[in-house]
Amino acid sequence: MRNAPDIVCFGELLVDFVATAPGALGDAPAFVRAPGGAPANVAVAAARLGCRSGFIGAVGDDPFGRFLVETLRDNGVDVRGVRVSPRGATPLAFVSLGEGATPDFLFYWDGTADHHVRPGYVTAALVRAARIFHYGTISLIHPAPRAALRRALAVARDAGAYLSCDPNLRLKLWPSAKAARRGLLEAIRGAHLVKMNEEELRFLTGARGIARGLRALGDATGAALVVTSGPRGAVYRWGKIEGEAAGFPVRAVDTTGAGDGFVAGLLSQLAACAGDLRALTPDAATVARWVRYANAVGALATTRRGAIPSFPTAARVARLVG
Ligand code: ADP
């Protein structure tokens with residue numbers, strides 16, 4: 001495929017309506033529209049860092065869908081894998097910032113365009129060409145996108161891509177906690193890299209303490225695991241290497257997209273490596289450097305409102321990393 005991206009992200013693309021004032025969602029005086037969806041954010045954040053990235057998903061045939069596709073394109077993301085679905089509207093989420101700049105969400109997601117993503121929507125050539133295939137779990141909630149993600153994963157695996165998963169637990173969207181757990185476990189099985197936050201690790205392993213959870217999941221999956229802890233940074237278990245990297249002190253105004261920025265930071269470091277990424281055996285210092293870089297991207301992503309406007313360029317990250 002001509003000009004194929006290195007990193008292809010698969011999943012949801014939606015419009016976040018972000019409250020203009022902090023506080024309870026129902027008290028918000030007004031909302032500002034912002035493009036969102038975790039895998040789409042990763043694609044944009046990676047492009048901002050200088051990677052060639054692409055996105056696979058669907059939007060509704062409506063003004064918000066067109067706004068999202070334009071936003072991806074304007075940000076340098078390859079949109080050849082984005083379908084304008086004849087069925088279902090573009091999904092929406094309303095977001096407010098509560099205590100400590102942690103977002104609260106309300107989703108308008110019933111029957112939306114992404115529910116109609118099916119295996120035939122998967123641009124196989126784009127997946128096959130990718131060195132890194134990144135995905136979440138929201139596509140696993142409904143049957144058609146679930147089949148589509150499974151197909152994309154099969155194509156990516158066959159083509160020898162490095163599989164990166166951010167489970168991104170959104171319990172409100174799943175029919176039950178049990179279904180969510182099953183979905184998350186399916187998603188991380190076979191992944192080479194899994195990025196979680198502390199809540200997701202606890203949900204998956206039931207283990208008390210990050211170190212214990214990481215060991216249990218690492219032994220069960222063999223994947224490189226990274227757990228982010230907001231301002232504190234991240235803890236990881238990468239093969240036999242265990243460690244932690246402190247976060248960067250910044251003045252956080254909105255943490256939306258911090259995790260997605262972190263993922264993009266990490267994937268950009270991997271994408272810079274030559275050869276088959278599945279065969280990489282980085283030493284402890286290299287992993288520490290990668291995670292520190294990802295922390296810097298995550299930290300900078302909190303310093304401006306919204307996810308996409310706040311993702312830093314490689315030059316900005318370099319200034320922070322020093
Ligand atoms: P998620 O958004 O997936 O829950 P986190 O909130 O843990 O993820 O944030 C991801 C990463 O972003 C953190 O590991 C850290 O590097 C960075 N980050 C998040 N919040 C802050 C903050 N307040 N100050 C500095 N860095 C932050």
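## Pockets and ligand site

The second largest pocket is lined by 18 residues, and W109, H115, I141, H142 and L173 are the ones nearest its centre. A pocket here is an open set of points on a 1 Å grid over the protein atoms alone, with protein on both sides within 12 Å along at least five of seven lines, and a lining residue has an atom within 4 Å of a point. The structure is a predicted model, in which local features need pLDDT of at least 70, side-chain atom pairs count only at pLDDT 80 or more, and totals for chains, interfaces and linings use all residues. Residues are numbered from 1 along each chain as its sequence is written, and side-chain values use heavy atoms, without hydrogens and water.

The volume of the second largest pocket is about 250 Å³, where a volume is the space filled by probe spheres set on the grid points, joined across faces, edges and corners. Its lining consists of 9 nonpolar, 5 polar and 4 charged residues. In this count Ala, Val, Leu, Ile, Met, Phe, Trp, Tyr, Cys and Pro are nonpolar, Asp, Glu, Lys and Arg are charged, and the others, Gly among them, are polar.

The largest pocket has a volume of about 1400 Å³. It is lined by 50 residues, and P103, N197, T255, A258 and G259 lie closest to its centre. The lining divides into 19 nonpolar, 19 polar and 12 charged residues.

The ligand takes up the space of the largest pocket; to sit in a pocket, a molecule must have more than half of its atoms within 2 Å of the grid points. Elements that give two or more residues to the shell around the ligand are β10 (193–197), α8 (258–271) and α9 (284–301). Helices (H or I, at least four residues) and strands (E, at least two) are DSSP runs, numbered from the N terminus.

The shell around the ligand has 17 residues, with K195, T228, G230, G233 and N295 the closest; a residue is near the ligand if one of its heavy atoms lies within 4 Å. By class, the shell holds 7 nonpolar, 9 polar and 1 charged.

| Residue | Part of the residue | Distance |
|---|---|---|
| N197 | side chain | 3.2 Å |
| G230 | backbone | 2.8 Å |
| G259 | backbone | 3.3 Å |

Key. Polar contact = N/O pair within 3.5 Å; in protein donor to acceptor, adjacent residues only side chain to side chain. 1 Å grid on protein atoms, 1.4 Å probe; cavity = no way out; pocket = protein on both sides within 12 Å on 5 of 7 lines; lining within 4 Å.
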